[in-house]
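Hi,

Here is the structure I promised to pass on. Have a look at it first, and then read my notes below.

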Amino acid sequence: MRAVVVTELSGPAGMAVLDVPEPAADGLVLIDVETSGVCFPDLLISYGKYQLRPEPPFVPGAEVAGVVVSAPAGSGIEPGQRVLAACQVGGYAEMVAVPPGYVLPIPPILGFEEAASLIVNYQTMEFALERRARLRSGETVVVLGAAGGVGTAAIQLAAAHGARVIAVVRRDGAGDFLRELGAGEVVRLADGWGDRVRELTGGRGAQIVVDPVGGDAFDEAVRVLAPEGRLVVIGFAGGAIPTVKVNRVLFRNISIVGAAWGEFIRTEPHALEEVHAALIRHVERGLRPVVTSRYPLDRAADALRDLEAGRVLGKTVLVQG
């Protein structure tokens with residue numbers, strides 16, 4: 001079968017499309033992949049900068065959607081079934097083998113591209129907003145890095161939970177797109193962005209800030225929190241890992257919480273089905289994962305280069321063929 005292989009830990013430049021053996025599927029669900037999601041962990045893992053650090057050669061790809069070829073007896077998964085799967089690695093290929101606990105049914109209303117997009121970003125943000133931030137309807141949510149895959153998922157899900165959303169974005173020309181997803185206001189990530197957020201919230205600040213960026217924006221993200229506000233740390237796409245002075249947490253009565261979804265389901269695997277069920281309820285009420293860019297499998301490196309350069313608005317997927 002064809003697969004994208006990381007031959008050296010040099011990012012997209014270290015990838016090649018090769019013929020490799022089909023994965024061994026003893027005790028696993030073998031999936032004929034239709035669509036592979038492209039997400040930031042895929043980029044990090046290609047540099048050896050992710051928590052999971054396989055040695056080359058390996059096939060990256062953390063999320064797929066496709067059709068079951070075979071499954072272990074008693075797993076409840078049947079050949080021919082349409083499924084999505086969280087696979088950590090192996091997804092940039094024509095076939096992948098995944099433990100049954102990480103394979104979930106695709107509702108009839110979703111196609112393969114939408115289903116593959118529903119995994120990493122949307123699962124992370126449903127977990128982050130519902131379980132970690134305890135979002136309540138009517139609260140204000142500020143989303144940093146709003147134009148990326150995590151950011152667009154955060155906007156849609158916060159709006160689906162009944163929140164008012166303020167999108168904070170660095171790139172030009174994304175405002176109309178973000179408003180269509182559910183952002184009530186769009187603020188440019190530039191000097192004075194925190195003042196603008198405080199102005200939009202009547203000086204009080206936001207109840208929740210979603211931060212997948214880190215870096216220089218973090219300190220101001222803390223400042224725009226209202227009393228009892230929660231800053232949810234998703235990742236560090238900006239590169240630098242910030243620090244916080246805990247006296248500010250104490251005297252301003254705010255919380256800073258982490259939302260590392262992949263780590264959480266390794267210790268609490270039952271949460272995967274719970275979050276998937278919550279997402280399907282959102283889908284049944286009208287939410288649709290945003291897919292804005294499609295690349296053939298043999299252009300996976302280009303997809304990651306565009307992600308790295310900030311040229312991706314929303315979500316990118318790889319398609320077979």
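Let me start with a contact you can find quickly: the side chains of Glu94 and Arg2 meet in a salt bridge, with 3.5 Å from N to O. This pair brings together distant parts of the chain, 92 residues apart: Glu94 sits in the loop between strand E5 (82-86) and strand E6 (95-98), and Arg2 belongs to strand E1 (residues 2-6). Before you read too much into any distance, remember that this is a predicted model. Glu94 has a relative accessible area of 25%, so it counts as partly exposed. Arg2 is partly exposed too, at 26% relative accessibility.

Next on the list is Glu63, which forms a salt bridge with Lys315; their closest N and O atoms are 2.4 Å apart. Here the two partners are 252 residues apart in the chain, Glu63 in strand E4 (residues 63-70) and Lys315 in the loop between helix H11 (300-308) and strand E15 (316-319). Are these two buried or exposed? Both Glu63 and Lys315 are buried.

Glu185 has 21% relative accessibility; the cut-off for buried is under 20%, so Glu185 counts as partly exposed. Arg164 is partly exposed as well, with a relative accessible area of 30%.

Some salt bridges share partners, and in that way Asp195, Arg198, Glu220 and Arg223 are joined into one network. The total for the model is 17 salt bridges.

On to the strands. In strand E11 (residues 206-211), 6 of the 6 residues are buried, so this strand is largely enclosed by the rest of the structure. E11 has parallel pairings with two strands that I looked at. With strand E8 (residues 140-143) it pairs over 3 bridges, in the parallel sense, and Val143 stands opposite Val210 of E11 there. With strand E12 (residues 225-233) the pairing is again parallel, over 5 bridges, and Ala206 stands opposite Leu225 of E12. To get from E11 to E12, the chain passes through helix H7 (residues 217-223), which makes a right-handed β-α-β crossover.

Helix H3 (residues 120-132) is another enclosed element: 10 of its 13 residues are buried, so the rest of the structure largely surrounds it. Among the buried ones are Val120, Tyr122, Met125, Phe127 and Leu129, and also Asn121, Gln123 and Glu126. After H3 comes Arg134, which has a positive phi, near 55°.

Most residues other than glycine have a negative phi, and most peptide bonds are trans. Two more spots, then, to look at for phi:

- Glu228 is not a glycine, yet its phi is positive at about 70°. It lies in strand E12 and is exposed, with a relative accessible area of 63%.
- Asn253 also has a positive phi without being a glycine, about 55°. You'll find Asn253 in the loop between helix H8 (246-251) and strand E13 (255-258), and it is exposed, with a relative accessible area of 52%.

And where is the cis peptide bond that involves Pro57? It joins Pro56 and Pro57, with omega about 0°. Pro57 is in the loop between helix H1 (40-46) and E4.

Over to you now!

Cheers

How values were computed. Residues numbered from 1 in each chain as written. Predicted model: local features only at pLDDT ≥ 70, side-chain atom pairs only at ≥ 80, totals over all residues. Heavy atoms only, no water. Salt bridge = Lys/Arg side-chain N within 4 Å of Asp/Glu carboxyl O. Helix = DSSP H or I, 4+ residues; strand = E, 2+ residues; numbered from the N terminus. Buried < 20%, exposed > 50% of the residue type's maximum accessible area, 1.4 Å probe, protein only. Pairing = 2+ DSSP bridges. Right-handed = clockwise from strand over helix to strand, strands pointing away.
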